[in-house]
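Let us read one model together, feature by feature. Have the sequence and the coordinates open.

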Amino acid sequence: MIAAAGSGTRLGAGRPKALLPLGGEALIRHSLRAFLEHPGIGPVAAAVPDPGEASAIVGSGDPRLLWVRGGATRQASVRAALAVLPETDLILVHDAARPFVGRSLIDAVIDAARRHGAAVPVVPVPDTVKRQAPGGFVDATVPREDLVLAQTPQGFRADLLRRAHAAAGDDLVEGTDDAMLVERLGEPVAVVPGSRANFKITTPEDLALAEAILRSGDGSAVGG
Ligand code: CTP
Ligand code: MG
């Protein structure tokens with residue numbers, strides 16, 4: 001499934017982020033293509049702010065594509081997409097805001113999720129990490145050796161993902177990703193190497209960088 005129902009506040013375009021143009025087509029088209037062209041992928045639910053608008057702009061040619069109205073939070077959007085997905089062994093959850101997801105990463109996540117139940121792609125933290133104190137001073141430097149940044153697609157055995165979302169709903173827990181909801185059940189989440197090319201478009205600078213990567217036509221910069 002694709003989580004694409006965010007408003008893109010930090011991007012500040014005044015339109016839903018997933019429908020903004022990137023490389024001449026809607027942002028969400030890039031990740032939709034990656035999943036719909038993957039031979040191991042079945043139905044794809046895409047949670048968007050307005051299914052009618054999204055299918056008009058992006059198209060609904062592929063019968064495996066299910067548009068669904070998202071919710072106020074990312075977690076609510078994933079739940080809405082879960083509700084329309086048919087029964088299956090594995091479910092991948094991907095952010096539309098990561099257009100450069102590649103075949104090899106999808107393969108690695110599927111493989112690890114099948115073996116371990118849940119899998120998340122991660123990248124090392126490149127910068128020194130500090131905690132700031134109130135008043136404009138550094139409180140401490142945080143050791144970063146064990147820290148990693150979580151990406152999507154995250155993969156799960158379907159029953160585990162559904163159970164994790166149900167439990168989070170019961171407990172009124174709001175997670176920023178899906179792996180977190182599985183972690184709090186005490187279930188293992190495997191890590192697989194992510195890719196810096198698979199970055200999330202959050203700010204206008206990120207969108208400009210993504211445009212530049214596509215314009216350069218340098219396939220080595222993408223495919224994460
Ligand atoms: N998302 C979603 N439903 C929401 C909020 C977010 O499906 N209610 C999706 C976004 O569309 C995005 C992904 O979750 O693909 C990651 O969220 P983020 O990058 O934070 O996107 P936005 O929430 O749209 O951006 P912002 O936080 O700046 O408003
Ligand atoms: Mg957000």
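Q: How many aromatic pairs does the structure hold?
A: Rings of Phe, Tyr and Trp (its six-membered ring) pair if their centres lie within 6.5 Å. This structure holds 1 aromatic pair.

Q: What should I know about the model and its numbering?
A: The model is predicted: local features need pLDDT of at least 70, side-chain atom pairs count only at pLDDT 80 or more, and totals for chains, interfaces and linings use all residues. Residues are numbered from 1 along each chain as its sequence is written, and side-chain values use heavy atoms, without hydrogens and water.

Q: Are the planes of phenylalanine 100 and phenylalanine 199 stacked, edge-to-face or tilted?
A: Planes under 30 degrees apart count as stacked, over 60 as edge-to-face and the rest as tilted. Here the ring centres are 5.8 Å apart and the planes at 55°, so the pair is tilted. The pair links distant parts of the chain, 99 residues apart. Phenylalanine 100 is in the loop between strand 6 (90-95) and helix 4 (103-116). Phenylalanine 199 is in the loop between strand 12 (190-193) and helix 7 (204-216).

Q: Which polar backbone atoms lie by ligand 1?
A: A polar contact is a pair of N or O atoms within 3.5 Å. A backbone N or O atom of alanine 5 lies 2.9 Å from a ligand 1 oxygen. For serine 7, a polar backbone atom is 3.2 Å from an oxygen of ligand 1.

Q: How much of ligand 1 does the protein bury?
A: Accessible areas come from the Shrake-Rupley method with a 1.4 Å probe. Taken alone, ligand 1 exposes 560 Å², and the protein buries 87% of that.

Key. Chains are lettered from A and ligands numbered from 1 in the order in which they are written. A polar contact is a pair of N or O atoms within 3.5 Å; within protein, one must be able to donate a hydrogen and the other to accept it, and residues adjacent in sequence count only if both atoms are side-chain atoms. Helices (H or I, at least four residues) and strands (E, at least two) are DSSP runs, numbered from the N terminus.
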